[in-house]
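Please open the model in a viewer and keep the selection tool at hand. The stops below are to be visited in order.

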Amino acid sequence: MFILGIVLFAVGLLFSIAWHELGHLSTAKMFGIRVPQYMVGFGPTLFSKRKGDTEYGVKAIPFGGYIRMIGMFPPGADGRLEARSTSPWRGMIEDARSAAFEELQPGDEKRLFYTRKPWKRVIVMFAGPFMNLILAVVLFLTVLMGFGISQQTTTVSSVSKCVISQSENRDDCGTSDPASPAAAAGLRAGDKILAFDGVRTDDWDQLSNLIRANPGENVPVVVERDGKEITLDATIATNQVAKKDSHGQIVQGEYVSAGFLGFSAATGVVKQDFGESVTWMGDRIGDAVDNLAALPSKIPALWDAAFGDGPREEDSPMGVVGAARVGGEIATLDIPPTQQLAMFVMLVAGFNLSLFLFNMLPLLPLDGGHIAGALWESVRRAAAKVLRRPDPGPFDVAKLMPVAYVVAGIFVCFTLLVLVADVVNPVRIT
């Protein structure tokens, strides 16, 4: 089952990559750009077939993919490809420029990428990450609305015997601890709370906020017990409880004074409606953006987890190998098959969301770097037109190739660090 989980993730990964490159391919062909190759994977070619002027294939290493477009970079200032320079920086530029024209054929002069208007190039480069975003949204909606997600419900799991400040981190009641309002009111495990102080709700977050907002108040609590509705009277206590952030998530280690009823909510799988699903996805996208911005700050802990004795943090960066391992662990969990499938789909959806955000970084060689170059060209040409100056022509993205090599080198080093951590100290499912 563990191996099956890894294989299923690999299939999901390959599909995600192929789907990404399909976005580039379809829009490039739509704008008349010649695409000699569409490849999923890197390394030796396992299978390929030519259709029209494009070779479609699968390569041995399933860690990426690409399409090759003719004329990604413009020629030199004199309109010709310059000779290979002895300068290493200049050599990088001219190597990239030469590669963009190495498969040039008669009639391709009007099918070059750089000759397309900037807005068309933006669409071609954005289409790949956008396909990952579409796939992520579809998969998230499938799980949220079709399977449901595990969350706290308004059903009572257990009742606290007394009022203990959550900051004290203890369970045993002392002689001076007052009885909890829930115990005093007769609330029992298995009761489903239907209404609080006249407000009917089946949402745990809403119920929690209502309880917190009414310290010291005597309120009626309507519960369903053995198929019947019963009304209990509870006097809400004032207690130190965990603080919530703007998204309703618990802030670890911070506490506030608020209303306290004294029970634990049961966890269940709950299907979300469309509005709840959109809100949930918005929160996850915000979290993903924050995590991406915080990536450099996580490198020391990641290094310590890979080469030292440090623990692997739950929010530690994870690569393809780590994600595949998680896929294997999902397949071995002792939970219903439907929930295994839901978790697996969530994993692939999260991977696609990460691909979208990562590729949108305005850095070469990522898609976002080419988008930034096209937008800058558009700004330069618009400014020249307003100032009645000569058209500056295409922005030579090839001149940024030395920076692209540096960025790629950093990415490779980071990928290797994550790979080591994923092997020797992986993130695990609890």
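UniProt positions are given in the numbering used here, feature names are shortened, and annotations may be inferred rather than shown by experiment. This is a predicted model, in which local features need pLDDT of at least 70 and side-chain atom pairs count only at pLDDT 80 or more, while totals for chains, interfaces and linings use all residues. Residues are numbered from 1 along each chain as its sequence is written, and side-chain values use heavy atoms, with hydrogens and water left out.

Select residues 122–147, 341–361 and 403–424, where UniProt, in an unreviewed entry, places the feature "transmembrane region". Helices (H or I, at least four residues) and strands (E, at least two) are DSSP runs, numbered from the N terminus. Residues 122–147 are 100% helix and 0% strand, with end C-alpha atoms 36 Å apart. Residues 403–424 are also 100% helix and 0% strand, and their end C-alpha atoms lie 32 Å apart.

Turn next to the aromatic rings. Rings of Phe, Tyr and Trp (its six-membered ring) pair if their centres lie within 6.5 Å; planes under 30 degrees apart count as stacked, over 60 as edge-to-face and the rest as tilted. The count is 11 aromatic pairs. Select F31 and W119: their ring centres are 5.8 Å apart and their planes at 80°, so the pair is edge-to-face. F31 lies in the loop between α1 (2–30) and β1 (37–51), and W119 in helix α3 (residues 118–147), 88 residues apart.

Select F42 and Y66, a stacked pair with 6.2 Å centre to centre and 10° between the planes. Finally, select F126, F130 and F356, which ring pairs link into a cluster.
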